[in-house]
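Colleague: I am new to reading protein models, and I would like to learn how to look at one. Could you walk me through it, please?

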Amino acid sequence: NRQWVLRRRPQGLIQDGDLELVESPVADPGDGEVLVRTIYLSLDPTNRTWMNDSEGYLPPVGLGDVMRGLTLGVVEATRSDRFKEGDLVMPMSGGWADYAVVPDSQLRPVHRFPGLPLTANLSVLGMTGLTAWAGVTDVLRPEPGQTMVISAAAGAVGSIAGQIAKQKGARVIGIAGGADKGRWLTEELGFDAAIDYKNEDVGEALDRLAPDGIDLNFENVGGDIMIAVWNRLNTHARMAVCGLISAYNATRMPPSPNFSRIITHRLEVRGFLVLDYAPRAREMVAEVGPWLADGRVKWKVHVDHGLEGAVQSLNRLFTGDHDGKLLVRVSEE
Ligand code: NDP
């Protein structure tokens with residue numbers, strides 16, 4: 001059983017030696033436990049935050065511990081009366097490993113969505129879709145004609161959030177790195193405009209594309225991109241703080257926006273965590289599922305092969321070198 005163990009707290013992008021791939025015998029499940037073989041490992045920006053020794057919504061991964069991560073796998077041995085061999089399951093934190101022994105209380109059964117690949121469970125109809133749906137429909141609540149700006153717009157969450165907002169009638173501007181990502185947003189996903197933050201001045205582009213200001217912000221990035229949006233938020237604008245990826249590798253605190261705008265413009269700024277929306281997953285599937293079926297919402301997954309490459313794969317999230325929800329295929333379905 002290969003397992004990635006955290007050896008050192010990374011400074012900046014993860015370097016060789018921060019994690020180590022160790023090998024140990026596959027453990028047997030105890031009473032009430034099952035042995036899960038990992039099929040897919042979900043790589044998420046938040047994985048990087050769990051490596052830091054700082055306050056978070058979950059405790060940091062301990063040095064010497066197997067790296068935490070959301071997985072989808074199959075039950076290979078069981079001493080639980082709730083799961084049988086061959087069941088597909090999603091352990092809450094199966095971890096970066098070929099196999100994990102997991103208490104049955106921490107397992108969620110996986111049901112295949114008819115006509116969709118298994119990867120949908122870890123992306124558009126899984127956590128990614130739920131995050132996008134919660135941020136748009138619960139936090140931002142767009143009204144037709146409102147202007148919404150989304151950062152990391154061509155990423156897993158951003159691309160779905162923008163398409164959901166379009167279904168609600170918003171005018172959607174996406175910020176993403178590179179012309180190809182921008183073209184995908186406008187030509188295939190129906191975004192109204194895209195800003196290439198790597199080659200354009202974001203503030204100038206926003207002034208041009210949103211001359212009447214911004215009503216809604218789905219924030220995934222933070223830092224200078226967020227501040228450019230923040231300074232153009234209209235009175236009574238709403239901001240859903242989903243993620244601040246530009247800070248996850250940072251060794252110094254990024255600049256803060258001017259908080260007095262919250263008062264002068266009566267802004268509603270709300271952070272949210274997908275974990276709180278788990279009970280509403282069915283509601284999300286009921287709304288988004290039909291949009292997938294009739295092609296109104298499109299989605300992509302980027303699958304890297306092999307647990308051994310997980311560290312290099314995770315770094316893709318910070319360079320943007322991936323195309324859709326990032327997954328690692330660990331073993332055969
Ligand atoms: P993505 O698929 O969006 O990948 C991350 C993207 O972020 C990259 O592709 C890159 O796109 C962009 N990016 C990375 N670093 C920077 C930077 N310094 N400046 C600007 N853009 C950058 O990942 P996810 O969809 O999984 O996650 C998106 C955000 O949502 C993250 O902030 C994540 O933490 C957050 N999230 C929050 C959840 C919650 O419960 N609140 C749940 C899930 C995710 P590009 O090529 O355009 O630079």
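Modeller: Gladly! Let us begin with a term: two residues are in contact if their C-beta atoms, placed from the backbone, lie within 7 Å. Please keep in mind that this is a predicted model.

Colleague: How is the chain divided, and how many residues of domain 1 are in contact with domain 2?

Modeller: The chain is split into domain 1 (2-121 + 299-329) and domain 2 (127-276). On the domain 1 side, 13 residues are in contact with 11 residues of domain 2. Helix α1 provides the largest share of that domain 1 side, 3 residues. Sorted by class, the side of domain 1 that touches domain 2 has 6 nonpolar, 5 polar and 2 charged residues.

Colleague: Where does the ligand lie relative to domain 1 and domain 2?

Modeller: Look at which parts of the chain supply its shell. Both domain 1 and domain 2 give residues to the shell around the ligand, so the ligand lies between them. In total, 28 residues surround the ligand, and the closest are Gly155, Ala156, Gly177, Gly243 and Gly320.

Colleague: Which helices supply at least two residues of that shell?

Modeller: They are α1 (45-50), α2, α3 (156-167) and α9 (310-319). Helix α3 gives the most, with 3 residues. By class, the shell divides into 15 nonpolar, 11 polar and 2 charged residues.

Colleague: Now the sheet, please. In what order do the strands come, and is the pairing parallel or antiparallel?

Modeller: First the general idea: strands of a sheet pair through backbone hydrogen bonds, either parallel or antiparallel. Here 6 strands form an open sheet, ordered β10-β9-β8-β11-β12-β13, with parallel pairing. Strands β10 (193-196) and β13 (268-271) each have a single partner strand, so one side of each is left without a neighbour in the sheet. From one strand to the next, the twist averages 15°.

Colleague: How many bridges join β8 to β11?

Modeller: There are 3 bridges between β8 (residues 147-151) and β11 (residues 214-219). Within β8 and β11, you can find Val149 opposite Asn217. A helix also packs on the sheet: α4 (residues 179-188) touches β9 (171-176) and β10, and the direction of α4 makes about 170° with that of β10.

Colleague: And how do I describe two packed helices?

Modeller: Two packed helices are described by the angle between their axes and the distance between the axes. Take α2 (residues 127-140) and α8 (residues 281-293): their axes come within 10 Å and cross at roughly 85°. That makes α2 roughly perpendicular to α8. Gly129, Leu130 and Trp133 of α2 make the contact with Ala281, Met284, Glu287 and Val288 of α8. By class, this contact has 5 nonpolar, 1 polar and 1 charged residues.

Technical notes:
Residues numbered from 1 in each chain as written. Predicted model: local features only at pLDDT ≥ 70, side-chain atom pairs only at ≥ 80, totals over all residues. Pairing = 2+ DSSP bridges. Helix = DSSP H or I, 4+ residues; strand = E, 2+ residues; numbered from the N terminus. Axes fitted to C-alpha atoms, helices over the stretch in contact; angles between N-to-C directions. Parallel < 35°, antiparallel > 145°, perpendicular 65-115°, else oblique. Nonpolar A, V, L, I, M, F, W, Y, C, P; charged D, E, K, R; others polar. Near = placed C-beta within 6 Å. Domains from an automatic or database assignment.
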